Amino acid sequence: MRTRIFYIILIIPILLSSCLKDVNPSDSLTTGNLTSTVTGLKEALNGAYALFKDHVTFNGVEDANNMYLRQYFQMSDFASDDIVCGQTTTDPLYYSFSLAHTPTQTNSRYFWYISYKIISDANTVIEAASAIENPSDEVKQLIGECYFLRAFCTFNLARFYAKPYSQDPTAAGVILRTSTSDPSMKARSTVAETYAQIIADAQMGAGLMNTSRGVQYASKEAAYALLSRVYLYEDNTDSTTYYANQVINSGRFTLETATGFTSMFANATSSTETILCVAMTTTDDYGKAGSIASMIYTDGNSGWGEEFASTSLRDTMADHTEDVRWNYIVPFEDADGNVQKKNGIEMYMISKFSFQGNSPTLSSPIMFRLAEMYLNRAEAEAKAGNTTAALNDVDIIRRNRGLEGSLYNGVLPSGKTVLDVVLKERRIELAFEGHRALDVYRNKQSLNRTYWGYHLAGLKESDINLSVLPTNYDNMIINWDNSKTIYYIPIDEIQTNTLCTQNP
């Protein structure tokens with residue numbers, strides 16, 4: 001059960017090595033206990049996929065709050081300007097809102113641990129499969145999926161724990177683990193070296209994967225989608241566009257229409273737009289205690305409902321009430337139709353992770369989808385000076401979101417750059433999907449959180465006046481070069497790996 005305490009000051013955890021148990025990323029799967037058969041490889045690979053959604057014992061404890069996907073979305077979105085916090089809390093998620101990060105915060109420690117565990121399992125399968133002579137297409141597909149998983153997890157580690165490539169490619173990246181025989185003592189590679197490895201793995205995976213096993217598994221197109229995203233972070237416009245086109249022109253995916261979009265996230269595994277999702281079943285419905293949805297949605301009983309769509313995002317969308325993307329922002333109203341408040345903050349729930357099988361706490365989170373490819377291409381075109389092409393890609397999205405009457409038709413709004421237009425559309429389309437804060441900082445922009453919420457240090461409910469903007473609080477404007485835009489390397493790694501340097 002998650003602890004819920006109001007209006008308390010977070011106490012910085014004491015850094016005591018005696019409190020930290022040994023954690024070994026490869027503590028279950030080895031080449032010694034993995035058979036080099038297709039069945040054995042599939043079972044091992046399925047275990048790696050399961051690590052994205054399972055509650056894995058960490059530091060001697062199985063905690064319902066610890067899940068790769070839950071930390072992935074919270075550590076990214078709760079640090080953005082799309083979600084507002086309705087209270088202070090002892091839950092580690094609050095560090096993302098407050099930027100009061102520590103090396104000992106449990107959510108970050110778990111994310112680091114489980115990411116390297118997935119990488120280690122992928123390495124183990126790759127090495128076991130290498131013993132198969134003349135591997136079939138089926139075996140090559142499985143090996144390719146492992147390369148994809150290694151690339152995907154390494155990239156997400158780099159997004160959270162290293163500066164964006166566009167800021168400083170020579171900065172410290174993450175620890176590259178490409179073999180089960182890697183020494184535990186290993187230094188961080190540079191950001192440039194980290195990205196080079198991610199790209200090499202994704203390209204290797206794309207070359208091996210030629211069999212579609214369904215959108216719940218990696219595929220050639222998922223690898224292309226990852227490459228498009230990685231190159232976007234590098235500001236490599238040509239490669240971003242090339243790999244986005246590989247997905248768009250594959251013929252495997254189509255954008256959901258305005259009608260289909262409203263149920264796309266509840267039906268992720270069957271959506272025409274889904275490239276890759278983590279498939280959840282009814283047995284994976286963790287309910288109020290540990291689901292992704294439980295923090296950002298409630299029907300009154302289903303979740304905590306403590307974080308909401310921010311005023312900033314709602315203001316960004318305000319000009320177009322006909323936009324079907326509003327369907328995922330749900331006002332929590334009283335019997336008279338008034339939006340209720342939690343500690344003075346309006347409760348606009350977020351339902352992108354709800355309603356699979358009509359459950360308010362179940363979904364199969366989409367990690368890559370077609371709309372992102374159009375937006376990646378649009379951003380690359382904007383930065384390459386191809387204004388008309390960028391606006392046309394934005395219009396493709398808008399036409400499928402109920403905005404047929406509000407297209408740009410190649411004309412920039414007065415006072416806006418084409419990049420402004422693309423990033424605004426990207427924010428609205430991909431809201432709550434783990435992109436926003438990273439999109440801001442990699443473009444060397446500032447995050448503006450000048451709105452009421454408990455990301456503001458020292459805020460009391462009596463201070464809140466929703467008719468005016470807050471003033472004189474910390475954490476309202478976060479510059480792109482603020483050191484707290486990335487997380488500390490977890491204490492477990494720092495204490496056991498003396499070659500690993502800490503973030504400032």
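Q: Why is the sulfur of Cys146 too far from the closest cysteine sulfur for a bond?

A: Keep in mind that this is a predicted model. A disulfide needs two cysteine sulfur atoms within 2.5 Å. The closest cysteine sulfur to that of Cys146 belongs to Cys153 and is 11 Å away, so a bond is ruled out. Cys146 is also buried, with a relative accessible area of 0%.

Q: How should I read a nonpolar core, and which residues touch the most other members of the largest one?

A: In soluble globular proteins, nonpolar side chains tend to be buried together. Here the largest nonpolar core has 128 residues, and those touching the most other members are Tyr68, Leu69, Phe148 and Tyr161. Helix H5, residues 137–161, provides the largest share of this core, 15 residues.

Q: Which residues does Leu69 touch, leaving out those up to four places away in sequence?

A: With that exclusion, Leu69 touches Phe52, Lys53, Val278, Met280, Ile292, Pro365 and Met367. There is also a second, separate core of 10 residues, including Val215, Phe265, Cys277 and Tyr328.

Q: How many cavities of 30 Å³ or more does the structure hold?

A: A cavity is a space where the probe fits but cannot get out. The structure holds 8 of that size, and the largest cavity has a volume of about 110 Å³. Its lining has 14 residues, with Met75, Ala79, Ala437, Thr485 and Tyr487 nearest the centre. Helix H15 (436–442) is one of the helices that supply at least two lining residues, and H15 gives the most, with 3 residues. By class, the lining of the largest cavity has 9 nonpolar, 3 polar and 2 charged residues.

Q: What is the volume of the largest pocket, and which residues lie closest to its centre?

A: A pocket, unlike a cavity, is an open set of points. The largest pocket has a volume of about 730 Å³. It is lined by 34 residues, and Thr316, Lys416, Asp420, Lys424 and Arg427 are the closest to its centre. Helix H11 (311–317), helix H14 (418–429) and H15 each supply at least two residues of this lining, and H14 has the largest share, 7 residues.

Q: How do the residues lining the largest pocket divide by class?

A: The lining of the largest pocket has 12 nonpolar, 9 polar and 13 charged residues.

Definitions and conventions
Residues are numbered from 1 along each chain as its sequence is written. This is a predicted model: local features need pLDDT of at least 70, side-chain atom pairs count only at pLDDT 80 or more; totals for chains, interfaces and linings use all residues. Side-chain values use heavy atoms; hydrogens and water are left out. A nonpolar core is a set of buried Ala, Val, Leu, Ile, Met, Phe, Trp, Tyr and Cys residues joined through side-chain atoms within 4.5 Å. Buried means under 20% relative accessible area, exposed over 50%, partly exposed in between (1.4 Å probe, protein chains only). Helices (H or I, at least four residues) and strands (E, at least two) are DSSP runs, numbered from the N terminus. Contact means heavy atoms within 4.5 Å. On a 1 Å grid over the protein atoms alone, a cavity is a set of points where a 1.4 Å probe fits but cannot get out, and a pocket is an open set with protein on both sides within 12 Å along at least five of seven lines; lining residues have an atom within 4 Å of a point. Grid points are joined across faces, edges and corners, and a volume is the space filled by probe spheres set on the points. Ala, Val, Leu, Ile, Met, Phe, Trp, Tyr, Cys and Pro count as nonpolar, Asp, Glu, Lys and Arg as charged, and the others, Gly among them, as polar.
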